[in-house]
Amino acid sequence: MSASPKIFVAGATGLLGGQIVRALLDQGASVRALVRPGTSDEKKRSLTAGAGDVELVEGDITAPAERLAEAIGDATTVVSAVQGGPDVIVDGQANLLRAAEKAGARRFIPSDFAIDINKLDDGDNFMIDWRRKAAAERTGTGIEVVSVLNGAFYEVMVGFMGIVDWEQGTLSHWGDPDQPLDLTSVADTAAYTAAVALDPSATGTLRFAGDVVSMREFHEAVQRGSGRTLQLRHLGSADDLRAEITRQAAVAENPFDYVALQYQWCMVSGKGKFDQLDNDRYPHVKPQSVADFVAANPSAN
């Protein structure tokens with residue numbers, strides 16, 4: 001590994017992508033960040049603020065692979081932190097992978113960043129289905145693919161999932177309250193991703209978690225961190241949740257109406273649980289606990 005390896009980051013203006021760029025710079029990497037044409041000056045400044053060797057290049061992962069390969073240049077590793085539908089996650093990342101191969105990059109880190117997608121089946125979660133399809137299409141590629149999984153983001157658990165209702169003072173869950181869950185903050189996921197990108201011996205799928213807690217323990221941690229008392233509400237079994245997903249899928253016009261429930265089922269059923277963690281591989285990354293995250297982010301509550 002050179003003294004200053006060059007890493008290419010797609011999706012650099014997103015929440016996770018921006019933090020991956022910062023984590024790479026903090027760990028001494030040289031970064032080339034892809035920004036789409038028309039990206040605001042404010043977002044560009046957020047990537048270049050502070051010390052570090054970062055270069056912004058305009059482009060899009062749907063551009064012809066030859067043009068995208070020019071943007072990748074001499075980067076040794078390509079990190080994808082893109083978000084979107086199947087046109088981005090499946091088709092766009094396939095194009096990015098072809099471009100990485102054309103550019104001569106040695107490794108590709110796809111935008112997986114989820115619970116254990118390798119243990120799930122098609123239909124369990126339609127957004128994870130896209131990632132599973134993207135992974136299947138990478139079979140036989142000439143570039144080494146290293147996948148980073150982080151469980152669920154803390155930010156999603158206290159926000160998008162709808163588990164915590166700060167106004168009503170409740171924390172609601174399905175399934176066994178003692179089923180362990182893998183959770184990680186966006187910042188710590190970025191730090192682990194940077195560590196993997198800079199580790200030439202990293203291979204296969206690596207799994208990380210900032211905290212492994214049950215819903216009962218998550219409830220206690222959120223209360224400690226926020227200083228608030230929340231009523232713990234049990235909504236039904238994992239089977240009841242699966243039935244509710246089926247019911248909503250039959251009437252919903254938009255599958256995003258129930259995708260949060262699909263994520264919860266994959267977790268509370270235990271199906272997406274990591275069998276092992278690779279945290280010890282990078283001891284310099286000190287992940288934040290759920291309670292510390294909630295305490296440090298009062299805007300979340």
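## A partly exposed aspartate

Asp-121 counts as partly exposed, at 43% relative accessibility. Buried means under 20% relative accessible area, exposed means over 50%, and partly exposed is in between (1.4 Å probe, protein chains only). The model is predicted, so local features need pLDDT of at least 70 and side-chain atom pairs count only at pLDDT 80 or more, while totals for chains, interfaces and linings use all residues. Residues are numbered from 1 along each chain as its sequence is written, and side-chain values use heavy atoms, with hydrogens and water left out.

## Salt bridges

Side chains of opposite charge can pair when their charged atoms come close. In a salt bridge, a side-chain nitrogen of Lys or Arg lies within 4 Å of a carboxyl oxygen of Asp or Glu. The structure holds 16 of them.

Asp-121 pairs with Lys-271 in a salt bridge, at 2.6 Å from N to O. Lys-271 sits in the loop between helix 10 (259-268) and helix 11 (290-296), and Asp-121 in the loop between strand 5 (107-109) and helix 5 (126-137), so the pair ties together parts that are 150 residues apart in sequence. Helices (H or I, at least four residues) and strands (E, at least two) are DSSP runs, numbered from the N terminus. Lys-271 is partly exposed, at 22% relative accessibility.

Asp-199 and Arg-281 form a salt bridge, with their closest N and O atoms 2.9 Å apart. This pair also links distant parts of the chain: Asp-199 is in the loop between helix 7 (186-197) and strand 12 (205-207), Arg-281 in the loop between helix 10 and helix 11, 82 residues apart. Asp-199 is buried, at 12%. Arg-281 is partly exposed, at 36%.

Asp-178 forms a salt bridge with Arg-216; the closest N and O atoms are 2.9 Å apart. Here Asp-178 lies in the loop between strand 10 (170-173) and strand 11 (181-184), and Arg-216 in helix 8 (residues 215-226), 38 residues apart. Elsewhere, a network of salt bridges links Lys-6, Arg-32, Glu-55 and Asp-74.

Three strands make an open sheet, in the order 9-10-14, with mixed pairing. Its edge strands are strand 9 (164-165) and strand 14 (231-234), each pairing on one side only. Two strands pair if DSSP finds at least two bridges between them. Strand 10 and strand 14 pair in the parallel sense, over four bridges. Leu-171 has Leu-232 in strand 14 as its bridge partner.
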